[in-house]
Amino acid sequence: MMQVRTPLTVITGPLGSGKTTLLRHVLDIFPKKIAILMNEFGEIAIDSKIIQGKNVEMADLGGGCVCCSLLGEFEAAVNEIIDNVAPDYIIVETTGVAEPDALVFDIQESLPTVRLDGVVTVMDADLTIKYPSIGHTTRIQIAAADTILLNKADLVSESELEQIEAKLRSINEIATILPTIRCKVDADLLFGIGRDRTQPPPHHVHQPEFESFSYTSRANFNRECFDDFVASLATDVYRAKGFIRFDDQIYLFNFVAGRWELEPFDQDATELVFIGKQLRVKQAEIIHRLKLCEQ
């Protein structure tokens, strides 16, 4: 069996946009063992014992989660976390002044133990209206994103929200933009699928315009047919993920805004989740197209 790489998500965004609020929310809603790597523990309250490592110090957040502060080099710290904690998920929160593109490159080039699951950029809607000029670092943070949380959306008007979205689109055409209040967002829209995933609720409370459905199958799928099927998803589906069984083996499947990848994975059946706007009306037709690929 191949070594399973630990999924890693980078959270970035300007100072004060809501990154720590997002981390707190994730700890509340995401039933996984998470390691959060921050340059400093910051605002996440640490009451428990701090374990000092060579490259990282770790504090137990309860529920199997740890908060880690970088002492040495990034790659060594990540490997130390994997060896000592074996988390299901790693989240790296960059400082507000960090440019994530270099970090993303580093993760892909130098960390074979992890799989970059995505870059989430948190933006402050209110501040973007008050200070409309976007600086160099913030522009890079927006451009690097797979998902942009347009936070504090309740503080601006509908037309201002549209104005901000258009501005973000001009910098990043493919990211999913999710208006949020206090970074409340469904974990399915942020993270890839866990190997022991539980069925998500059919309707998302925080993003009512987003709906999801899942599909499981014991059949083998035709690879060429599946490729064509995925290529046709972009108009209906923002995010799809899960496992797909071809003749040779099962793969982890990850699809975000038209981009997708497959990675060999040790799993026992096809299990896919689709997320999109007003997806219910398209559900039967999408499943029909998918079933055509069963052999």
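Colleague: Leaving aside neighbours within four places in sequence, which residues is valine 256 in contact with?
Modeller: Asp146, Thr176, Tyr238 and Arg239, where contact means heavy atoms within 4.5 Å. A word on the source: this is a predicted model, where local features need pLDDT of at least 70 and side-chain atom pairs count only at pLDDT 80 or more, while totals for chains, interfaces and linings use all residues. Residues are numbered from 1 along each chain as its sequence is written, and side-chain values use heavy atoms, with hydrogens and water left out.
Colleague: Thanks! Is valine 256 buried or exposed?
Modeller: Valine 256 is buried, at a relative accessible area of 12%; buried means under 20%, with a 1.4 Å probe and protein chains only.
Colleague: And which strand is valine 256 in?
Modeller: Strand β12, residues 250-256; strands are DSSP runs of E, at least two residues, numbered from the N terminus.
Colleague: Switching to threonine 12, where does that one lie?
Modeller: In strand β1, which covers residues 6-12. Threonine 12 is buried, with a relative accessible area of 0%.
Colleague: What joins the side chains of threonine 12 and threonine 94?
Modeller: A polar contact of 3.1 Å, that is, a pair of N or O atoms within 3.5 Å, one able to donate a hydrogen and the other to accept it; residues adjacent in sequence count only if both atoms are side-chain atoms.
Colleague: Last one: how many of the chain's residues count as buried?
Modeller: 53% of the 295 residues.

Conventions:
Buried < 20%, exposed > 50% of the residue type's maximum accessible area, 1.4 Å probe, protein only. Helix = DSSP H or I, 4+ residues; strand = E, 2+ residues; numbered from the N terminus.
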